[in-house]
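Visitor: I would like to go through this model and ask what lies behind the terms used for it.

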Amino acid sequence: MSGRVTARRRMLRLGPAGEVRRQDTLAVEEPLEVRVDGQSLTVTMRTPGNDIDLVHGLLLSENMIGSAEDVVSARYCAGTDEQGRNTYNVLDVRLRVPAVVRTRHVLTTGACGLCGKTALDEVRAAGRFPQPDPGPSVDASALARMPLTLREHQSVFDATGGLHAAGLFTPDGRVLAVREDIGRHNAVDKVVGWALRENRVPAGELVLIVSGRASFELAQKAVMAGIPVLGAVSAPSSLAVDLAVETGLTLVAFLRGKTMNVYSGAHRVRTAEARTAEAEDRSA
């Protein structure tokens with residue numbers, strides 16, 4: 001599968017030095033059809049690799065499973081290219097308890113065309129894992145370092161410049177898993193699926209960091225996995241903030257350098273001022 005993460009294509013580069021024709025390295029984008037008990041659930045465009053984790057994370061976010069034990073098997077089906085080779089683009093999952101499979105317009109895309117309150121109510125009603133109260137305490141300085149650590153683990157981004165990333169961290173900043181994908185939602189599904197298969201869901205002591213913006217969909221995936229802290233390098237959406245406030249998720253965005261915006265759950269972010277006050281209390 002690793003050979004299919006990147007592909008080479010010819011291109012014409014224009015610049016001050018003139019015209020240069022050469023090969024460029026691009027991120028691969030291919031469809032993955034997900035079937036549950038033989039019935040088609042969805043087709044998602046993704047970067048091949050870690051597909052088993054992706055499907056576990058997807059099914060958790062769709063509230064179709066709650067643990068790795070709910071999945072009996074996940075295997076690639078026969079899907080062939082022009083030369084008759086398996087494309088590994090069809091994956092069938094067998095569940096321990098058969099599920100009613102609907103074409104995917106469940107939680108993740110259920111907000112499309114609906115009001116914000118309906119979307120929030122759907123996630124709140126479906127959530128299996130309430131947010132821990134108070135949950136982990138994360139130093140702001142550790143949070144600030146996490147995007148840098150995430151970036152250091154983006155090997156395919158280094159080659160292509162075209163992939164999103166998601167990572168799971170301990171509160172002190174130790175990285176546990178990083179996944180890259182052409183789709184930001186797929187990258188999150190991959191790390192959540194990893195956590196599920198490692199029996200770390202509900203992930204009440206972990207921090208999820210994403211390389212782009214914090215959309216409603218990504219906040220929803222964090223909530224469904226019981227993750228208490230979501231950090232994003234870019235901006236949040238209004239509905240993501242609303243969901244975070246409603247569910248108790250700590251949402252931090254614009255994580256750049258030493259600055260960040262905390263939109264909800266600020267009690268889990270430990271500032272330098274708080275550490276100074278604690279030190280003064282101990283010495284008093």
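Visitor: Which residue in β6 is the bridge partner of arginine 75?

Guide: Aspartate 92 is the bridge partner of arginine 75. Keep in mind that the model is a predicted one.

Visitor: What makes β5 and β6 a pair?

Guide: Two strands pair if at least two bridges are found between them. β5 and β6 (residues 90-95) have five bridges, in the antiparallel sense, so they count as a pair.

Visitor: Why are β4 and β5 called edge strands?

Guide: The open sheet has four strands in the order β4-β3-β6-β5, with mixed pairing. β4 (39-46) and β5 (71-76) each pair on one side only. Neighbouring strands in this sheet are turned by 20° against each other on average, direction ignored.

Visitor: Why does threonine 170 count as buried?

Guide: The cut-off for buried is under 20% relative accessible area. Threonine 170 has 9% relative accessibility, so it counts as buried. Threonine 170 is found in the loop between β8 (164-169) and β9 (175-181). Leaving out residues up to four places away in sequence, threonine 170 touches Met146, Leu176 and Glu205.

Visitor: Where in helix α3 does the kink lie?

Guide: The kink, of about 25°, lies at methionine 146, shortly before proline 147. Both Met146 and Pro147 are among the buried residues of α3 (residues 140-152).

Visitor: Which residues have the most contacts inside the largest nonpolar core?

Guide: They are Leu59, Leu60, Leu168, Leu208, Val210, Ile227 and Leu230, in a core of 52 residues. Helix α5 (residues 184-197) gives the largest share of this core, seven residues. A second, separate core has 17 residues, including Met146 and Val178.

Note on methods. Residues numbered from 1 in each chain as written. Predicted model: local features only at pLDDT ≥ 70, side-chain atom pairs only at ≥ 80, totals over all residues. Heavy atoms only, no water. Core = buried A, V, L, I, M, F, W, Y, C linked by side-chain atoms within 4.5 Å. Buried < 20%, exposed > 50% of the residue type's maximum accessible area, 1.4 Å probe, protein only. Helix = DSSP H or I, 4+ residues; strand = E, 2+ residues; numbered from the N terminus. Bend = angle between axes of the 7 residues up to and from the residue. Contact = heavy atoms within 4.5 Å. Axes fitted to C-alpha atoms, helices over the stretch in contact; angles between N-to-C directions.
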